[in-house]
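Please keep the sequence and the 3D view open while reading.

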Amino acid sequence: MIDRDELLHVARLARLALHEDELDSTAAELSTILEHVAAIKELDLDDVEPTAHIGDVSDSLRDDSVATSLPVEVALAPAPAVRDDGFLVPSPQGE
Amino acid sequence: MSDEIQSLSAVAAVAAIADGGLSREEIFAHYRSRAGADELNAFTWVAEQAPAQIEGPLGGVPVAVKDLFCTEGIPSQAGSKILAGYRPPYTATAVANLEAAGAPLLGKTNQDEFAMGSSNENSAYGPVLNPWDKTRVPGGSSGGSAAAVAGGLAPWALGTDTGGSIRQPASLCGVVGLKPTYGAVSRYGMIAFASSLDSAGPLTRDVSDAALFYRHLVGKDSADATSVAFPESIEIPTAERLDGITLAVPTALVDGDGVEPGVRASFEASLETARQLGATVTSCEIPSAAHALSAYYVIAPAEASSNLSRFDGVRYGLRRDESNLDAMYTETRHDGFGDEVKRRILIGTYALSSGYYDAYYGRAQRVRTVVAKELAEVFAGADFIVTPTSPTVAFGLGARTADPLSMYLSDLFTIPMSLAGTPAISIPSGLSEGLPVGLQICGPAFSENRILSAAYALEQAIGFNGSAAWGAKR
């Protein structure tokens with residue numbers, strides 16, 4: 001139901017590396033699950049509105065006023081790498 | 001003294017502290033010692049000492065908290081290797097509410113990674129053992145919280161329920177678990193799994209404990225736009241009868257193949273008890289219940305695939321392969337996430353991807369509408385829907401890990417209420433071959449007081465005794 005190429009495409013969208021020895025077993029597991037949930041494709045739902053969220057949800061904005069926020073050093077403390085006042089990441093192009 | 005403290009329910013402990021028979025320090029030290037000697041792997045972190053100031057109506061009775069709640073300066077790893085060692089800079093509102101009411105943090109409890117699982121075997125920190133039988137699972141995903149309460153390592157605990165993650169482990173461990181109305185408890189500071197479904201609630205030794213705990217958990221929170229003010233105060237239940245109450249049993253669902261005979265027998269006995277208490281038992285239909293399970297396993301992974309995109313090695317947690325930015329993202333996530341989390345991220349990404357969105361996610365959202373409507377129709381003619389909480393008692397460690405789909409089927413009876421956002425409780429209804437069975441009682445939105453009241457009446461009549469688990473020397 002989901003083949004290796006499709007799996008690699010989805011993994012790419014999810015920014016999740018899958019190694020060669022994981023592809024076949026993962027494709028098989030996902031296929032089993034997708035086959036089960038695909039039962040909902042057979043239902044007649046044309047006249048049914050979708051529900052994204054239960055209850056009344058409306059925009060909820062706080063007052064536009066200055067309030068305290070996390071100090072920079074506290075926000076950066078759990079980061080794997082920092083430089084100056086920011087999170088440090090590797091170059092997109094590599095070294 | 002130790003046995004005496006151990007025998008107290010949380011409500012009784014609060015009363016004993018209030019009248020001077022027990023001190024806050026004594027109860028904290030008692031449970032600190034029990035939790036510190038944990039042989040169930042229920043805890044991932046235990047407090048050294050109680051905070052200096054503990055005042056409030058919860059009397060200083062300490063609480064165990066599922067690891068996915070952020071606690072300032074204290075490890076909050078959500079059962080995942082990708083958050084190993086993470087100490088958040090702030091505390092979740094639910095935990096802060098309990099602390100403000102006088103329940104200090106006893107420890108953090110083990111769980112399925114990011115709350116994805118029904119056995120607690122998906123934790124990067126090892127499986128939790130069921131205190132009734134250590135060769136069996138405690139259920140999940142709040143397995144550590146359930147086992148801690150059932151095993152007498154904590155007076156009460158905070159868990160979360162997305163598709164059954166409070167109710168199912170409560171059932172498998174013989175404790176009480178309440179999944180609230182969606183929005184009644186703030187999600188701020190809960191590490192998110194599926195935001196439209198996630199709910200925080202109590203796991204306790206009895207129904208009165210659940211009511212007291214829940215009273216201090218609810219409330220609108222400006223930090224969670226989906227939170228709502230609970231329309232009434234939560235009362236400690238006192239009802240002894242069920243006169244005038246109608247219980248509806250979704251017969252086709254409950255008579256299905258997967259329900260173990262011992263579970264069915266306990267459920268039938270509970271219905272008979274309810275009749276003796278004055279209730280009317282009728283049959284109802286939730287025709288789309290089987291499709292609800294399918295819809296859930298599209299919607300929850302879809303939301304998870306979005307929520308878990310934040311774990312990328314940039315701001316916290318694990319980082320791998322720094323050769324370039326993309327390699328860092330993909331290899332960090334490869335090494336940091338466990339198998340079940342990866343499966344759900346992939347399923348969710350697939351269901352949301354171009355070409356499949358309408359067929360999977362769009363249809364699942366429509367099934368959700370149908371399920372909510374079907375439940376509302378039942379509630380128009382009955383007070384509560386009752387089912388077994390889980391089709392089975394606690395299963396053996398490893399029994400279902402090879403087949404993810406069989407694990408998903410554990411949630412058949414709990415998922416419809418999650419999709420509809422309605423509250424439900426699981427209470428112990430008895431034992432089957434020495435293992436606890438749970439009874440689920442579900443009502444319409446904001447009916448928690450009525451659910452707790454009915455659950456209390458049934459609890460008193462059933463007379464379940466969990467002391468074999470919580471009273472055991474550990």
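## Charges over rings

The charged end of B:R205 lies over the ring of B:W470, 3.8 Å from the ring centre. To count, NZ of Lys or CZ of Arg must be within 6 Å of the ring centre and within 35 degrees of the ring normal. B:R400 is placed over a ring too: its charged end is 4.0 Å from the centre of the B:F395 ring.

## Basis of the model

This is a predicted model, in which local features need pLDDT of at least 70, side-chain atom pairs count only at pLDDT 80 or more, and totals for chains, interfaces and linings use all residues. Residues are numbered from 1 along each chain as its sequence is written, chains are lettered from A and ligands numbered from 1 in the order in which they are written, and side-chain values use heavy atoms, with hydrogens and water left out.

## Aromatic pairs

The whole structure holds 16 aromatic pairs over all chains. Rings of Phe, Tyr and Trp (its six-membered ring) pair if their centres lie within 6.5 Å; planes under 30 degrees apart are stacked, over 60 edge-to-face, and the rest tilted. One of the pairs is B:Y90 with B:Y188, tilted, at 5.2 Å centre to centre and 40° between the planes. B:Y90 sits in the loop between β2 (63–66) and α4 (93–100) of chain B, and B:Y188 in the loop between β5 (176–179) and β6 (199–204), so this pair ties together parts 98 residues apart in sequence. Helices (H or I, at least four residues) and strands (E, at least two) are DSSP runs, numbered from the N terminus. B:Y90 is partly exposed at 27% relative accessible area, and B:Y188 is partly exposed at 33%. Buried means under 20% relative accessible area, exposed over 50%, and partly exposed in between (1.4 Å probe, protein chains only).

B:W132 and B:F464 also pair: their ring centres are 6.0 Å apart and their planes are at 50°, so the pair is tilted. B:W132 belongs to the loop between β3 (105–109) and α5 (143–150) of chain B, and B:F464 to the loop between α16 (448–462) and α17 (467–470), so parts 332 residues apart in sequence are tied together. B:W132 is buried at 17% relative accessibility, whereas B:F464 is partly exposed at 24%. One aromatic cluster is formed by B:Y86, B:F114, B:F311, B:Y316 and B:F337.

## Cysteines

How many disulfides are there over all chains? The count is zero, where a disulfide is a pair of cysteine sulfur atoms within 2.5 Å. For B:C173, the closest cysteine sulfur is in B:C442, 20 Å away and too far for a bond. B:C173 is buried at 1% relative accessibility. B:C70 is buried at 3%.

## Backbone exceptions

Most residues other than glycine have a negative phi, and most peptide bonds are trans. B:A78 has a positive phi near 50°. It lies in the loop between β2 and α4 of chain B and is buried at 0% relative accessibility. B:N120 has a positive phi near 65°. B:N120 is in the loop between β3 and α5 of chain B and is buried, at 0% relative accessible area. A cis peptide bond joins B:G140 and B:S141, with omega about 15°. B:S141 is in the loop between β3 and α5 of chain B.

## Chain A

Chain A has three helices and two strands, in the order α-α-α-β-β from the N terminus. Buried residues make up 29% of its 95 residues.
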